[in-house]
Amino acid sequence: MLPLLDLHGVRRLDFHTSLMEELRDKLIAHINELGQKDPRERDKKLKELLIKSFPVVRVKALRPVVMAILRNTPHIDDKYLRILVRDRELYADTDTEVKRQIWRDNQSLFGDEVSPLLSQYIREKEHILFDHTNLNNLFFHPSPKVRRQGEVVQKLANMIGRSVKLYDMVLQFLRTLFLRTRNVHYCTLRAELLMALHELDVQEIISVDPCHKFTWCLDACIREKNVDIKRSRELQGFLDNIKRGQEQVLGDLSMTLCDPYAINFLATSAIKILQHLINNEGLPRENTILILLLRMLALGLSAWVMIDSQDFKEPKLDSQVVTKFLPALMSLMVDDQCRSLHSKLPPDERESALTTIEHSGPAPDAVEAYIQESSVASILAMYYTLNTARQKDRVGVLRVLAILSSCKDDRSYEDPFLHSLIALLIPMAEEFTTEDFCTTLFDEFLFAGLTRDNVTRHMIKLLWYVHNKLPPGRLATLMKAMQPTTGHNEAVHKLYETLQERTAQECPPEQAEVDFDSPLKSVPTPGPHYMQ
């Protein structure tokens, strides 16, 4: 055989390498088959194979055989794991199934593997929120099922596998990072990871996570954009049945409810119920689903304080938010309906004047007073603003924007809200030609938050689309006010420079000033040459 190959010009090295690769692949296939057999028979044979083959693990051509044996061994001896950890090249070639056994007893190494994924997840969320070219794929558009198919969530689920210990480590990383940064996207990841494991039916984990059924039920509500009587009773049952000694579960439940997608669902549903109560002349305090939504909203908004203080008590919902603030907010909604109805009637000067006086004045004092004191009231006022902007109700938007800077803990300057608001204001571009609209939006609301890096980025996105509608003086003032400082990051500086170029290209050049004292003014203007 070999002389025949020599005649064909096949080198001996190539022949032996090819033979070795063929044998190696067959051996790996046999090892994988062995891995599916009865545990007693499998474990004994794999252990014998590992003892014989591990000495050649540093031979690159034979390493896949050793790795296949390790991958199919459920419990690997520590002496092998220590060698894999010490050698960077071996560790890089190790399969995830084997690495899980290493990570279980090496939290810092697992943290090093997880950390880049968590950073990538935050970058992806912030890119959606700040991307000035994005007007269609908005933050709240993807369904829960689509979101948890994301690369980071799937990679984390794969790294965890069926290990409760690794899952607990990831949750601890998320809690720690949430505490350190107050970044609510870590809360989103906590919920998405649990639901990804639910879809993979990892019973070892979902059966021991006390938040599983609550998160599953909430996820179904968010997916269907509705909370019916049955689901509301399930959710309320979870909150009411937390036993003494298990209060720490409230910390994880509050993180699940602090997820911006959960906040968005709860607040949007509450506004829909208020609209329904107006149409049916009902009272907020009589609607049990509304009270539950507000209770969950209060729990979600207190997540950071609860976990930071380790005081796991459900925050008491201020009864006056229900009995005084909500009726005041509903009066604003009634005013919006009255103005909308009046606009469809034949013109009548007297009726127009009455409508303006009675339904277009400043927001009730109770609305402003409660958004200063209550996070729940602040969120509801913010979502009412989004609702009026969606209707392109100019007066409704201006009435509430005038007081929105008063929200407790500056909640109205959080990214998910500003992202949604800016996306709804861009189609109202024509309104930016009027001084009162600009004064309320910029001077009374956005300027109050300009010390925050993120507000500048959202304003740049807004001006990217509406700058050509703004009066030149107003545009110049805004550009000057938004000018980044050394405190802003590089992305803000670059975006601001791009906006400057865009406005310079699209704004008409200013006419040169005429000097009326010029000696040429006494010279008669010559007529056209064809008239001579």
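Helix H17 (260–279) is the element that gives the most to the lining of the second largest pocket, with eight residues, where helices (H or I, at least four residues) and strands (E, at least two) are DSSP runs numbered from the N terminus. A pocket is here an open set of points, on a 1 Å grid over the protein atoms alone, with protein on both sides within 12 Å along at least five of seven lines, whereas a cavity is a set of points where a 1.4 Å probe fits but cannot get out; lining residues have an atom within 4 Å of a point. The model is predicted, and local features need pLDDT of at least 70 while side-chain atom pairs count only at pLDDT 80 or more, although totals for chains, interfaces and linings use all residues. Residues are numbered from 1 along each chain as its sequence is written, and side-chain values use heavy atoms, with hydrogens and water left out.

The second largest pocket has a volume of about 710 Å³, a volume being the space filled by probe spheres set on grid points that are joined across faces, edges and corners. Its lining comprises 27 residues, of which Phe-140, Lys-225, Asn-264, Thr-268 and Arg-390 lie nearest the centre. Besides H17, at least two residues each are supplied by helix H9 (144–147), helix H14 (212–224), H23 and H25. By class, the lining of this pocket divides into 13 nonpolar, nine polar and five charged residues, with Ala, Val, Leu, Ile, Met, Phe, Trp, Tyr, Cys and Pro counted as nonpolar, Asp, Glu, Lys and Arg as charged, and the others, Gly among them, as polar. Because domain 2 (107–125 + 141–209) and domain 3 (319–345 + 360–503) both give residues to this lining, the second largest pocket lies between them; the domain bounds come from an automatic or database domain assignment.

The largest pocket holds about 1,200 Å³ of space and is lined by 45 residues, with Arg-182, Val-184, Cys-258, Arg-411 and Glu-414 nearest its centre. The helices that each supply at least two residues of this lining include helix H8 (107–130), helix H11 (164–181), H17, helix H23 (375–390) and helix H25 (415–425), and H23 gives the most, with five residues. The lining of the largest pocket divides into 23 nonpolar, nine polar and 13 charged residues, and draws at least three residues from each of domain 2 and domain 3.

A search of the whole structure finds one cavity of 30 Å³ or more. This largest cavity contains about 100 Å³ of space, and of the 14 residues that line it, Arg-147, Ala-191, Asp-219, Ile-222 and Asp-259 are the closest to its centre. Two or more residues of the lining of the largest cavity are given by each of H9, helix H12 (185–199) and H14. The residues of that lining comprise six nonpolar, three polar and five charged.

Helix H25, which contributes to the linings of the largest pocket and the second largest pocket, is largely enclosed by the rest of the structure, because eleven of its eleven residues are buried; buried means under 20% relative accessible area, exposed over 50% and partly exposed in between (1.4 Å probe, protein chains only). The buried residues of H25, among them Asp-415, Phe-417 and Leu-421, pack against H8, H17, H23, helix H24 (394–404), helix H26 (435–445) and helix H27 (453–466). The axes of H8 and H25 come within 9 Å and cross at roughly 30 degrees, the axes being lines fitted to C-alpha atoms, for helices over the stretch in contact, and the angles running from 0 to 180 degrees between N-to-C directions. In this pair, Ile-128, Leu-129 and Phe-130 of H8 meet Asp-415, Pro-416 and His-419 of H25, where contact means heavy atoms within 4.5 Å. The contact of H8 with H25 has four nonpolar, one polar and one charged residues.

The loop between H24 and H25 contains Asp-409 and Asp-410. Phi of Asp-409 is near 55 degrees, a positive value in a residue other than glycine, and Asp-410 has a positive phi of about 55 degrees although it is not a glycine. Most residues other than glycine have a negative phi. Asp-409 is exposed, with a relative accessible area of 54%, whereas Asp-410 is partly exposed, with a relative accessible area of 34%.

Over the chain as a whole, there are 29 helices and zero strands, and 47% of the 532 residues count as buried. Among contacts between residues at least 6 apart in sequence, 71% join residues at least 24 apart.
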